[in-house]
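Please keep the model open while reading.

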Amino acid sequence: MLNKMKPAALLCLVSATGALALDEYMPLPARMMEVGIGLDRWAVESYFDDSWERQDVRFEKKPIQIPLQGKFGLAENLEGSIAVEYYVQDLTDKSGFERPVLGLKYAEPTLGVGGFLAVTLPVGFEDIVTADPYATLTFGALYGKTLPYITLLANATYSFNTEDQENSKEDEIQFYVKPEYGLPIPLLIKNKQYLGVNLGLQYQFFFNQVVQGDSESDPAHLATVSPGLFYKFNHIIALDTRAYFVMAGNGLRHAPMGVNAMLRFSLDESLYNAM
C-alpha cells in the first residue's frame, strides 16, 4: 500500500513548490522588490485510504525545508517571481534543492481579480528530484479585496505535470481562500504596525494519474486548513506564519501537518538603488 502511495505523495509535496512562487498575495507595485526566506517543519503520521478513512503511518524523519523567494514589480500590476526550496532533510534523510519555480502574476486592482502563470523547471539536486525530474506548468486566477472587516484572498489553479523517469504523473486542480482580520490594537496602530489573524482553506483534486505507464481512473482529494498570523513590523519587514493540517482526503494520500514561517523584506526603488 505504501509503495503505491509514494509516487502520488511526492507529487503532492512538490505541488507546494509551485504555490510558493504563486503565493496568495496580489502583485507588488511597479519597481518594488520583495525577498523572502522561511522555515518549514512538518511530519507525516497518517494517510487517507480509498474510503476516506484516516490510517496511521509513521515516518521517523520530520522534514525541514528552507523556502526562498524573490518577487519584483515588473510594471504596473505585473509581478515576476522566482522561488526554490532547500531540503535540510526530507522523509528519507536526503538534502538538496527542489525544482525552481518561475512565475508571472497580473491583477486589476480596482476589481481585485487577476491571473498567473508559473513553470517549475525540471532541474534540482538528484537526491531530491531524482535523476530525471519532471516539469510542471501551473496557471489560474486570483482574487484579492479589502472588505469592511476583513481582507479576502483567493485563487484557483490548474497544474499540469510531465511524466517522471518511472513514466508516472498526475495533474491537479486547487482552490484556496484566506480571510484575514486585522486586529485593532492601538499600540500597533500608533507605531504603524499591523497584526492580522487569518485562516487558509485549501482543496486539492488530483486526476489524470499515470503510475509506471498505466492510467489510474480513480481521482484523489485533500482538504487542508491553515490558521496563521501576519505581522508587519514596518514598511520593510513582515513575518508570515501559519500551521497546516490535512483534515480530509482519499486515494492513499499522505496527511502532513506542520508549521511554516516566512520573513519578508520589501524594498522600494529608492532603497535598493542606495545599496
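Is S159 buried or exposed? With a relative accessible area of 9%, S159 is buried, a class that means under 20% relative accessible area, whereas exposed means over 50% and partly exposed lies in between (1.4 Å probe, protein chains only). The model is a predicted one, in which local features need pLDDT of at least 70 and side-chain atom pairs count only at pLDDT 80 or more, while totals for chains, interfaces and linings use all residues. Residues are numbered from 1 along each chain as its sequence is written, and side-chain values use heavy atoms, with hydrogens and water left out.

S159 belongs to strand β9; strands (E, at least two residues) are DSSP runs, numbered from the N terminus. The side chain of S159 makes a polar contact of 2.9 Å with the side chain of T138. A polar contact here is a pair of N or O atoms within 3.5 Å; within protein, one must be able to donate a hydrogen and the other to accept it, and residues adjacent in sequence count only if both atoms are side-chain atoms. Beyond its neighbours within four places in sequence, S159 is in contact (heavy atoms within 4.5 Å) with T136, L137, T138, D171 and E172.

Strand β1 (residues 33–48) and β15 pair in the antiparallel sense over 14 bridges, with G38 opposite M262. Strand β14 (residues 237–249) also runs antiparallel to β15, joined to it by nine bridges, and A243 has V259 as its bridge partner in β15. Three residues lie between the strands in the hairpin of β14 and β15, where G251 takes a positive phi near 80°.

The last stop is L74, in strand β3 (residues 64–75). L74 counts as partly exposed because its relative accessibility is 46%. Its contacts, leaving aside neighbours within four places in sequence, are E79, G80 and L104. L74 and P29 are 45 residues apart in sequence, and their C-alpha atoms are 8.3 Å apart in space.

Notes
Helices (H or I, at least four residues) and strands (E, at least two) are DSSP runs, numbered from the N terminus. Two strands pair if DSSP finds at least two bridges between them.
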